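Please look through the sequence and the model shown below before reading on. The report that follows takes the two chains in turn and then turns to some local details.

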Amino acid sequence: MEVAAAKALGAGIAVIALFGVGLGIGNIFSALINSVARNPSARDAVFPIGILGFALTEAVALFALLIAFLILFT
Amino acid sequence: MPAQGWAGERDLAAEGKTIDALGQFELKTVLGPIGHSVGFTQSSAHMLLAVGLITLLVMYGISRQAVVPGRLQSLTESAYEFIQGLVIGQVGPEGKRFFPFVFSLFMFILFGNLLGLLPFAFTFTSHIVVTFALAAIVFVLITVVALMLHGKKFFGYFFPEGAPIWLAPIIIPVEIVSYLSRPISLSIRLFANMVAGHVMLKVFATFIVLLGGLGVAGPFIAVLPLTVNVALVGFEILVAFLQAYVFAILTSIYLHDAVHLH
């Protein structure tokens, strides 16, 4: 039973990384909104870069999620 | 992988109701004894299906070449132009010869992701062996291209010009590690996105079933996870496109590095 409890705790601790990911994604979109608001004509140039940054940051969240799954299910 | 997890799950397991989120990724052989003897799994079947669908789409799209394109023709053309713009924009004019490679890669991953969203279908991009094989192809390709185009000068890539020489013991290992971790991050990104998305869908789908069995009020509360699941499917379609796009654009960025060395 202690092992199961430790596993649940470990999985919870593993997803603390989402703190940074939340900050990062918020940062990316705030910068994106800022730049589009300042220069609406730059939207087409800036949007793909923003999405790329979002995907790369989201990947970090998924790495943490993966570790949590590995702890829980193996 | 059977979960021998926490207490709540064990109570549910006693009633025969568990959240079996990872069962959907299990490989099973198809086509009866023939498939079993050669290890032909549903993953292989879906890969063949994806390749077949892509071939049909592209063949049909270029077969008529109407001036005013129909739906499928304009779909093919816009996919072609999208990837062409991406590759040429990232790699430059030299990128033209890599376009077929990136286009096949993009379409294969996109169809794999989208096929997996259909009910009863299997997502072959949710297996790390598949995504790592794709990433390894990209990695070998960029290394071979860089070696062929630049020869020994390629190794200068690991030490940027103009950096002070005493920084070499720090910069060179860092650059080598970052170069070698490319296929790993490329494959884990796609695989983890797909696994996480499908696990989430499955968890909320199980909530619907479990809540539906809870007396009179259950089915009414079960509408909530159903709503979430509908929204999640939409989100997963976005993720399917996004991850195929990210894989293609990162491949193009790596190819740019290989062709131009920084």
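## Chain A as a whole

What percentage of the 74 residues of chain A count as buried? The share is 11%, where a residue is buried if 20 or more other C-beta atoms lie within 10 Å of its own, exposed if 12 or fewer, and partly exposed in between, with C-beta atoms placed from the backbone. This is a predicted model, in which local features need pLDDT of at least 70 and side-chain atom pairs count only at pLDDT 80 or more, while totals for chains, interfaces and linings use all residues. Residues are numbered from 1 along each chain as its sequence is written, and chains are lettered from A and ligands numbered from 1 in the order in which they are written.

Chain A has three helices and zero strands, with helices (H or I, at least four residues) and strands (E, at least two) being DSSP runs numbered from the N terminus. Along the sequence the pattern of chain A is therefore written α-α-α. The radius of gyration of chain A is 17 Å, well over the 11 Å that the globule rule gives for 74 residues, so chain A is more spread out than a compact globule; the radius is taken over C-alpha atoms, and the rule is 2.2 Å times the number of residues to the power 0.38. Taken along the principal axes, the C-alpha atoms of chain A fill a box of roughly 60 × 15 × 10 Å. Among contacts in chain A between residues at least 6 apart in sequence, 77% join residues at least 24 apart, a contact being two residues whose C-beta atoms, placed from the backbone, lie within 7 Å.

## What the record says about chain A

An unreviewed UniProt entry places the feature "domain: V-ATPase proteolipid subunit C-like" at residues 9-71 of chain A; UniProt positions are given in the numbering used here, feature names are shortened, and annotations may be inferred rather than shown by experiment. In the model, the span 9-71 of chain A is 89% helix and 0% strand, and its end C-alpha atoms lie 10 Å apart.

For "transmembrane region", the unreviewed UniProt entry lists residues 12-33 and 45-73 of chain A. Residues 12-33 of chain A are 86% helix and 0% strand, with end C-alpha atoms 32 Å apart, whereas residues 45-73 of chain A are 100% helix and 0% strand, with end C-alpha atoms 43 Å apart.

## Chain B as a whole

Chain B has ten helices and zero strands, and its pattern along the sequence is α-α-α-α-α-α-α-α-α-α. The radius of gyration of chain B is 23 Å, well over the 18 Å that the globule rule gives for 262 residues, so chain B is more spread out than a compact globule. The C-alpha atoms of chain B fill a box of roughly 70 × 60 × 40 Å along the principal axes.

Of the 262 residues of chain B, 26% count as buried. Among contacts in chain B between residues at least 6 apart in sequence, 63% join residues at least 24 apart.

## Where the two chains touch

The contact between the chains takes 13 residues from chain B and 14 residues from chain A. On the side of chain B that touches chain A, the elements giving two or more residues are helix H8 (182-212) and helix H10 (223-260) of chain B, and the largest share, five residues, comes from H8(B). By class, this side of chain B has ten nonpolar, two polar and one charged residues, where Ala, Val, Leu, Ile, Met, Phe, Trp, Tyr, Cys and Pro count as nonpolar, Asp, Glu, Lys and Arg as charged, and the others, Gly among them, as polar.

## Two helices that cross in chain B

How do helix H3 (residues 42-64) and helix H4 (residues 71-91) of chain B meet, and at what angle do their axes cross? The axes come within 8 Å and cross at roughly 110°, the axes being lines fitted to C-alpha atoms, for helices over the stretch in contact, with angles that run from 0 to 180 degrees between N-to-C directions. That makes H3(B) roughly perpendicular to H4(B), since angles under 35 degrees count as roughly parallel, over 145 as roughly antiparallel, 65 to 115 as roughly perpendicular and the rest as oblique.

The residues that meet include B:Leu57 and B:Arg64 in H3(B), and B:Leu72 and B:Glu77 in H4(B). By class, the contact of H3(B) with H4(B) has six nonpolar, three polar and two charged residues.

## A loop residue with a positive phi

B:Phe120 is found in the loop between helix H5 (99-115) and helix H6 (128-150) of chain B. With 6 C-beta neighbours inside 10 Å, B:Phe120 counts as exposed. B:Phe120 has a positive phi of about 70° although it is not a glycine. Most residues other than glycine have a negative phi.
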